[in-house]
Structures are given as C-alpha cells and as structure tokens.
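Colleague: Could you walk me through this model and tell me what each label rests on? I would like the cut-offs along with the conclusions.

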Amino acid sequence: MKENIGPAAGRLKKTLALAVLTGLMLTGCGGGKQAAVEPASAASATATVEASVTVPGVVGLTLDTATDQLEKLGFKVDAVDSVDGKSIIVKKNWQVLTQDPSNGAQAAKGSTVHLGVKSLEKIATEKAAAEKAAADKAAADVAAKAAADKVAADKAASDKAAADQAAAAKAAADQAAAAAAQQAAQAPAPAAVPAAPAAPAVGGTIICRDGYVWPSATRQGACSRHGGIAN
C-alpha cells in the first residue's frame, strides 16, 4: 500500500498545476479581449466628437453667403421669410435675421440650421422711412426752436421797449419837476400891496381898515367885513 501512494500524489499535483495554468491563461485572454474592446469604445467617442461642428454666426449676411458657409461645414440650410412669409427665390436678395442653432453652438454634420430672413427691398424701404422720419423730426425740432427763439426775442424787445418808455416818462417828470422848482426859486417875491390910506372920518361915520366908510355911527359890528375899524 505504501508503494502506491507516491505515484498517485504525483499525478494529483500535476493535475492541480495544469488547472491553475489553464485558469491563468483564460484570465489573460479575457483581459486581452477587454483591453481590445476598450480602445474601440474610445475611438467611437472620438469619432462622435469629431462629427460635431461649431456653428458659425451668419446673422447679418446675405442668404447666399450664409448658405455657402454653412454647407461647406456640412450643414443643411432651411431659410424662411420671418416677416411676410414670402417665397425665397433669389438668395442674394435676402438678409439673415436669426439662426438656430445660434453662433458658437455645437451641431452634428448633416444637421439643419434654420435661418429667418428678410428681403433687402423691405430693409431698404424701412431704412428710407426711418431716415425720412428722422429728417422730419430734426426739421420739426429746428422749426420749434426757431419759433421759441422768436417768441423769446419778441418778449425781450417788448420788455425793453416798456422799460425804456417808463424810464423816459420818469426822466421827463423829473426834468419837469426840476424846472418848476428852479423857476419857483428864481421868481421874484410879490410886491406888498400898500394899505389904502384911511379916509378921514366924516361926521359920525366910521372908517374901516380897507378904506370903506361905514355908513353908521354905531361901532358894534362895524367894518366886520372890511378888516375892522381903522380908527
């Protein structure tokens, strides 16, 4: 029995060694396959990134120029009249007002960029109308300012004329007063009227101070209107 144990143990060891080696080989192959799959995923992500393109800004350009730029980058273009809804025939006669996606956005090649446009004829008409309105407003402002300046000038002239007239009237009044005062100062004093000489009493009559002969000898009330009795 002892003689048979050695060879069996050796065979068992060889079997275990083979099993371990096989497992290691399988593990290595699986890792290699996984390693091979991972680069493929990274390459797919890279391809997706490369397929996205930055959308350029085309607002303000004519439709033909905007279309050329977008199509060269691989985009499709859909343009509509965003104002009047008219059909677009000649692209160079239209200007881009809006775009979607917007300037700087990332979009896939082959995707559509939507543009809103307006005809150059309408733009020119609106510009002419705006310029005319601005010119009319400027002319109205000038006319209003001129009218306001005239009113102010007329008022200033009227105020000055009234002030000059008042000053002239005052000067004339002052001059007249000064002349009157000077004339009064230079006029001679009136001569004193000499009193009438008292007439001699005749009989029993009374002589008044103004020379009137009181026709009565009664002194009471005599010469009351003639300055009193002289004698």
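Modeller: Gladly! Let me start with a term: buried means under 20% relative accessible area, exposed over 50% and partly exposed in between, with a 1.4 Å probe and protein chains only. This is a predicted model, where local features need pLDDT of at least 70, side-chain atom pairs count only at pLDDT 80 or more, and totals for chains, interfaces and linings use all residues. Residues are numbered from 1 along each chain as its sequence is written, and side-chain values use heavy atoms, with hydrogens and water left out.

Colleague: Thanks! Why is Cys208 called buried?

Modeller: Its relative accessibility is 0%, and the limit is under 20%, so Cys208 counts as buried. Cys223 has a relative accessible area of 1%, so Cys223 is buried too.

Colleague: What makes Cys208 and Cys223 a disulfide?

Modeller: The definition asks for a pair of cysteine sulfur atoms within 2.5 Å, and the S to S distance here is 1.7 Å. The structure holds one disulfide. Cys208 sits in the loop between β6 (206-207) and β7 (213-214), while Cys223 lies in the segment after β7, 15 residues apart, and the pair links distant parts of the chain. Helices (H or I, at least four residues) and strands (E, at least two) are DSSP runs, numbered from the N terminus.

Colleague: Why is the disulfide of Cys208 and Cys223 called left-handed?

Modeller: The torsion about the S-S bond is about -85°, so the disulfide is left-handed.

Colleague: On to the sheet. How do you know which strands pair with β5?

Modeller: Two strands pair if DSSP finds at least two bridges between them. Strand β2 (residues 76-81) has six bridges to β5 in the parallel sense, and strand β3 (residues 94-100) has six to β5 in the antiparallel sense. Gly116 of β5 is the bridge partner of Val80 and also of Thr98, while Gln99 stands opposite Leu115.

Colleague: Which residues touch the most other members of the largest nonpolar core?

Modeller: Such a core is a set of buried Ala, Val, Leu, Ile, Met, Phe, Trp, Tyr and Cys residues joined through side-chain atoms within 4.5 Å. Of the 13 residues in the largest one, Leu70, Phe75 and Leu115 touch the most other members. The elements giving two or more residues to this core are α2, β3 and β5.

Colleague: How is the confidence, and where should I take care?

Modeller: The predictor's confidence in each residue, pLDDT, runs from 0 to 100. The chain has a mean pLDDT of 81, and 71% of its residues reach 70 or more. Over residues 1-6 the pLDDT is below 50, with zero contacts (heavy atoms within 4.5 Å) beyond near neighbours in sequence. Where pLDDT is low, the predicted coordinates should not be read in detail.
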